[in-house]
Amino acid sequence: VSFLLMCYAVVAVYPEYLANVGEGKKLRVDGNIVLGGLFPIHEKGKNGSICGIINEDRGIQRLEAMLFAIDLINNDTNLLPGITIGAEIRDTCSEDTYALEQSLEFVRASLTTVSASTSPECPAEYVNKTRQPGVVAGVIGGSYSTVSIQVANLLRLFQIPQISYASTSSELTDRKRFEYFARTVPPDTLQAKAIADIIASFGWTYVSTIASEGNYGESGIYEFTKEAGLRNICIARSEKILRSADSQTYDNIITRLRRKQNARVVVLFTRVEDARDLLSAAKRANLSQNFIWLAADGWGAQESPVKGSEAVAEGAITIELQTKKVEKFDEYFLHLNPRTNKRNPWFKEYWEQKFQCELPEIPEEGSCEKRSLDDGTHLQEKKTQFVVDAVYALVMALDHMHRVVCNETSSLCDGMIPINGKQLFKEFVLKVSFKDIVDQQVSFDENGNGLGRYDILNFRRDENHPNRYQYVKVGKWHGQLEMDLQAVEFHPSVSVLSDTKLPM
Ligand SMILES: N[C@@]1(C(=O)O)CC2(CC2)[C@H]2[C@H](C(=O)O)[C@H]21
């Protein structure tokens, strides 16, 4: 029924609806095979607007990582020789509903337009399963699990493979619901185990939890709560931050957490915006004793959640998916500038926001143009490797399919025009196995999940620059926890002596 309702909604309103959907900018690089890309170029909007400020790291860096990977592939004569890879990249604005609208553009060519007067049933021919020219071969993205879930529901109707580089919700492991979805990152069932193991290793038995509303936050805390029960860790208070939260919401959460005096540890499975606003509320509360924040990758190793709230974030333990820095990407990215990087339609806005300056419409040697990304402040976004891996995984699958279906011809043969998405995903994508650009193993388990490796980070003062803070790696989790408990530095207000436990 839900399929028919959705189908009717698409068919009944489709011609008019799509007349203006996809009005947002898009990045288009032509090629014989085009890959779709979805990135949170902007944060969620506020005060009624859909899109907010530019997402400098998880948006722009990741988009450029996809373009960087495609450049490398198009210069690699061993991958799809004679065939160029193109891209159509769209902004999700960190919002699932907007992302779904944008993703309709990836399948527009496959939707036959019929008048709305036809019967409300939705015969198969409205959703043309055979791939039409102009339809993307697959989609790289999204970041947020809520986005990936919505988009996966659409793409499966057209048998279009999707590979996410950041969506970790355990919900996406469900093969029946997400049969064309894979990810180069592990599911949060493993991240929840890692967090529970950290708590147990300190002997903590009484903690509170906070989830952002949505699949990532709620599934993450659900998985953690199960793991906590197995380790006799009790949940003192469990909070959920609704999408409609305002500053009073966060203040109220801090107030309720403080009532649980003995639950000083707070586990977060939150969006980065919620982590940021929660820390701001903790700062407003002017707490005499800090909480010990224990945050999943939504906070991770990012600067944005802690900026301006470093003192209340000090001592936090955060989880990031284990990656290696892609040195070649930094060489590419740090040379980008608005004069030459014309293929990225959001780059001017990014540049102006990052450097707080204005680029003139007519290029001139002004101060704004003279700025450089290579100014010593650049930190590579932590999931850059996973973006590059996702692009390579899809292209390696296409290359293998081409060798099998087209018998090594140096162009696309009829057997791949159009590309059979079901065959591509089930016979090739799920079977890729290769060493990536930083010599790490890339493969998918039977549920389309990436390998589960995590870094454990501690947010603390920089011992060489007391007024600065930094994330320091204090451990890792790869099936089991490896961490030096003594290496963790908590906030000065947290009196944890080596042989005692926090009051539970
Ligand atoms: N792992 C995430 C998810 O949604 O699945 C958690 C997050 C919401 C904060 C986003 C992170 C990211 O973009 O690196 C994803």
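## Basis

The model is predicted, and local features need pLDDT of at least 70, side-chain atom pairs count only at pLDDT 80 or more, and totals for chains, interfaces and linings use all residues. Residues are numbered from 1 along each chain as its sequence is written, and side-chain values use heavy atoms, without hydrogens or water.

## Nonpolar cores

A nonpolar core is a set of buried Ala, Val, Leu, Ile, Met, Phe, Trp, Tyr and Cys residues joined through side-chain atoms within 4.5 Å. Buried means under 20% relative accessible area, exposed over 50%, and partly exposed in between (1.4 Å probe, protein chains only). The largest core has 101 residues. Leu35, Met66 and Leu398 have the most contacts inside it. Helix H13 (residues 384-405) gives the largest share of this core, 12 residues. Helices (H or I, at least four residues) and strands (E, at least two) are DSSP runs, numbered from the N terminus. Another core, of 23 residues, lies apart; Ile241, Ile253, Ile254 and Ala281 are among them.

Met66 touches several parts of the chain. Leaving aside neighbours within four places in sequence, its contacts (heavy atoms within 4.5 Å) include Leu35, Phe39, Ile89, Ile140, Val387 and Val391.

## Aromatic pairs

The whole structure holds 18 aromatic pairs. Rings of Phe, Tyr and Trp (its six-membered ring) pair if their centres lie within 6.5 Å; planes under 30 degrees apart count as stacked, over 60 as edge-to-face and the rest as tilted. Tyr180 and Phe425 have ring centres 5.8 Å apart and planes at 50°, so this pair is tilted. Tyr180 lies in the loop between strands S7 (162-164) and S8 (181-183) and Phe425 in helix H14 (residues 421-428), so the pair ties together parts 245 residues apart in sequence. Both residues are buried.

Phe202 and Phe490 have centres 5.6 Å apart and planes at 70°, so they are edge-to-face. These two residues are 288 residues apart. Phe202 is buried at 9% relative accessibility, and Phe490 is buried at 15%.

## Backbone geometry

Two cis peptide bonds deserve a look. One joins Gly141 and Gly142, with omega about -5°. Gly142 is in the loop between strand S6 (138-140) and helix H4 (145-155). Another joins Ile417 and Pro418, with omega about 0°. Pro418 lies in the loop between H13 and H14.

Leu80 is not a glycine, yet its phi is positive, near 50°. Leu80 counts as buried, at 1% relative accessibility.
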